[in-house]
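Welcome! Here are some exercises to work through with the structure open beside you. Try each task before you read its solution.

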Amino acid sequence: SFLRGGLSAWKIAGNSTISMGDPRSFVDQAKITYISPEDLKLLLDVDQESVFLIDVQSKEDYRKGHIKGAMNIPLDELEKRIGQVRTPVGKAVVVYGKTDVASFQAGVRISDLGAMVVRTLSGNNALSPESGLPIDRN
């Protein structure tokens with residue numbers, strides 16, 4: 001199907017679009033709230049059940065290592081599986097990927113989909129032993 005007037009007309013009419021997540025975009029940056037691995041570790045230490053983790057790595061990379069308890073929804077599947085991301089009120093939602101860029105892109109896409117307020121894990125070392133986070137390696 002075609003959009004009458006194209007994508008520009010769609011945006012001018014106030015309809016939403018989903019950004020791929022450009023780290024250089026001020027608009028996309030404004031959609032992100034970061035959380036450090038240290039702060040995430042504190043949340044998990046207090047009450048792991050109060051945190052809903054979304055891992056956007058590929059299935060293969062997820063099997064190699066992920067934060068314990070994280071749900072795997074690969075970045076390229078995020079839009080079509082957004083219904084699985086709805087969480088109970090009162091949980092801190094944290095998204096992360098294999099790289100900072102993947103984490104950022106996931107946070108932007110979830111924001112654009114209007115699913116929830118989400119925190120994006122910062123720091124490329126989140127899946128390393130040095131992070132102090134509980135890592136499962138299958």
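This is a predicted model: local features need pLDDT of at least 70, side-chain atom pairs count only at pLDDT 80 or more; totals for chains, interfaces and linings use all residues.

**Exercise 1.** What span should the 13 residues of helix H5 (residues 100–112) have at 1.5 Å a residue, and how far apart are its end C-alpha atoms?

*Solution.* Residues are numbered from 1 along each chain as its sequence is written, and side-chain values use heavy atoms, with hydrogens and water left out.

Step 1: helices are DSSP runs of H or I with at least four residues, strands are runs of E with at least two, and both are numbered from the N terminus.
Step 2: the expected span is 1.5 Å times one less than the number of residues, which gives 18 Å for H5.
Step 3: the end C-alpha atoms of H5 are 18 Å apart, in agreement with that value.

**Exercise 2.** Find out how enclosed H5 is.

*Solution.* Step 1: buried means under 20% relative accessible area, exposed over 50%, and partly exposed in between (1.4 Å probe, protein chains only).
Step 1: ten of the 13 residues are buried, so H5 is largely enclosed by the rest of the structure. Among them are Phe104, Val108 and Ile110.

**Exercise 3.** Which side chain meets that of Asp112 in a salt bridge?

*Solution.* Step 1: a salt bridge needs a side-chain nitrogen of Lys or Arg within 4 Å of a carboxyl oxygen of Asp or Glu.
Step 1: the partner is Lys31, at 2.6 Å from N to O. The two residues are 81 residues apart, with Lys31 in the loop between H2 and S1.
Step 2: Asp112 is buried at 16%, whereas Lys31 is partly exposed at 23%.
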